[in-house]
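Visitor: I have a few questions about how the terms apply here. Could you show me the structure before we start?

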Amino acid sequence: MSPALELLDICKTFGSTQAVRHVSLIVERGSVHAVLGENGAGKTTLLNVAYGLVRPDSGTVQRAGRPLQLRTPADAIAAGIGMVQQHFSVVPAMTVAENVALGGKGRYRFTHTEQHVRALSTQLGVALDPSAIVRDLPVSAQQRLEILKAVAHGVEVLILDEPTAVLSPVEATELMRWIRSYADQGYAVVLITHKLREALAVADAITVLRHGSVTLSAPATNIQEHDVLDAMLGPGKAITGEKADQRVRTHTRAAAGSSATTPSAVFVLRGVNAHDHGRRVHLHNASFQINAGQLVGVAAVEGSGHDLMLRLLAGRVTPTSGEIVRPRDVAFVPADRHAEAVALHMTLTENRLLRGISRRRGAINWSAEQMVTTDLLSEFSVHAASADAAMVSLSGGNQQRFVLARELSPLPAAVVVENPTRGLDVAAARTVASRLRDACQQGAAVVWYSSDVDELLSVADRILVIHQGSVVEASNPLSRDAIGRAMLGAQLS
């Protein structure tokens with residue numbers, strides 16, 4: 001029987017950059033095939049070719065042994081290939097049923113669509129209410145909706161881009177179980193992920209790209225974590241597993257211990273209440289203190305109120321009651337950089353000047369500001385044509401590094417970051433962690449929310465857990481299981 005999907009000798013060049021160099025990817029029926037690589041390695045371009053978003057310069061895409069001409073995603077869907085992007089494409093104001101019906105043909109009939117959604121939900125083990133308004137759903141449910149939308153069109157090859165990036169450990173485990181079950185029914189799944197252990201746990205085969213070329217492709221049973229890291233980063237450049245975690249912990253503890261003997265308070269909250277009525281989340285009776293030189297992790301399931309608390313600390317939300325003490329200048333790196341951090345069609349220099357814009361006065365010396373931006377791009381390894389390049393021309397990983405660079409230069413008293421390593425490869429994620437550790441070592445207070453509890457355990461001195469608007473502190477020694485249960489409402493011991 002022919003493979004479910006074949007990408008054969010694919011090449012793609014953008015300007016002077018060869019993004020994909022003679023890459024072949026064979027995805028068997030009934031299998032999970034993980035694709036890994038650093039940011040800019042070519043994996044997104046390759047799979048956008050499979051979904052009809054990018055036309056290759058050369059090479060062939062085959063589905064079940066038949067060559068395809070993919071001009072648009074509609075062609076890919078018609079051929080049985082679906083893709084769930086990292087940034088969701090749902091319409092928040094519409095219902096689940098209406099979102100599933102989008103892209104269909106003929107007259108929309110709610111009763112028929114509702115029955116179809118319920119039947120698919122039961123078949124796939126994906127619980128969704130067809131009449132629910134999407135904006136009221138937690139992120140994990142919106143992701144299930146994206147999967148449901150793809151499957152509703154009858155696809156047999158499902159491409160998932162970083163599907164667990166916004167999920168709690170329990171939700172991520174459930175999704176991995178679902179992916180395995182879905183593949184066992186005879187479907188094929190292509191999984192793009194930066195979580196190596198996740199890939200090794202669920203995948204039947206693994207392909208690694210580096211600088212647009214395949215550096216490793218083999219059955220998962222024949223591959224170890226260090227093999228993947230060597231293929232991604234180059235032989236001998238990887239620090240793996242417990243050694244990497246221990247190095248992070250050692251640096252973080254050293255940073256915390258390097259501050260003054262009696263550390264000064266940077267954030268103080270006493271009985272703080274806050275509400276975001278639009279998103280129906282709240283924070284109640286929050287009381288805690290964060291000192292200079294501390295890196296404090298925040299663990300929470302989406303929709304628990306953590307995003308409200310981060311924006312409260314960053315000064316973007318005003319409490320309804322209680323007392324809060326915070327510095328005037330707080331750096332903030334939000335998860336959704338497009339909505340809250342950058343202006344895509346402005347230059348990098350203009351984007352850099354957005355920080356502290358409300359306090360900026362007088363004429364701007366553009367030549368001087370462009371030189372400062374150029375130095376910043378070099379210091380933080382942001383790959384861009386120049387300081388005059390438009391933000392939209394940067395890859396997602398480079399946009400993330402740019403936002404971090406802007407917020408840390410000059411270093412403020414406090415830094416609040418929300419999933420700062422989401423979508424970054426292993427090397428880039430470690431660079432971000434190193435920068436934030438350095439900020440702590442220089443006396444800044446860092447508050448770091450991550451949907452990856454393992455990441456928090458590797459970097460944080462303390463961890464605050466938020467459940468349904470209540471904030472509690474995890475006691476030492478920190479435990480992944482205890483924190484995971486607390487995120488779902490269990491008492492911390």
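Guide: This is a predicted model. Start at Ser121: neighbours within four places in sequence aside, Ser121 is in contact with Val126, Leu128 and Leu148.

Visitor: What makes these residues count as being in contact with Ser121?
Guide: Contact requires heavy atoms within 4.5 Å. Val126, Leu128 and Leu148 are in contact with Ser121.

Visitor: Where does Ser121 lie?
Guide: Ser121 is part of helix H4, which covers residues 110–124.

Visitor: Why is Ser121 called buried?
Guide: The relative accessibility of Ser121 is 9%. Buried means under 20%. Therefore Ser121 counts as buried.

Visitor: Now the sheet. What is the order of its strands?
Guide: The order is E15-E16-E17-E13-E18-E19. These six strands make an open sheet with mixed pairing.

Visitor: What makes E15 and E19 edge strands?
Guide: Strand E15 (330–333) and strand E19 (470–473) each pair on one side only. From one strand to the next, the twist averages 20°.

Visitor: How do you know that E18 and E19 pair?
Guide: Pairing needs at least two bridges. Strand E18 (residues 462–467) and E19 have four, in the antiparallel sense. In one of the bridges, Ile466 has Val471 in E19 as its partner.

Visitor: Which helices lie across strands of this sheet?
Guide: Helix H15 (residues 426–441) lies across E13, E16 and E17. Helix H15 runs at about 150° to E17. Helix H17 (residues 480–487) lies across E13 and E18, at about 30° to E18.

Key. Residues are numbered from 1 along each chain as its sequence is written. This is a predicted model: local features need pLDDT of at least 70, side-chain atom pairs count only at pLDDT 80 or more; totals for chains, interfaces and linings use all residues. Side-chain values use heavy atoms; hydrogens and water are left out. Helices (H or I, at least four residues) and strands (E, at least two) are DSSP runs, numbered from the N terminus. Buried means under 20% relative accessible area, exposed over 50%, partly exposed in between (1.4 Å probe, protein chains only). Axes are lines fitted to C-alpha atoms, for helices over the stretch in contact, and angles run from 0 to 180 degrees between N-to-C directions.
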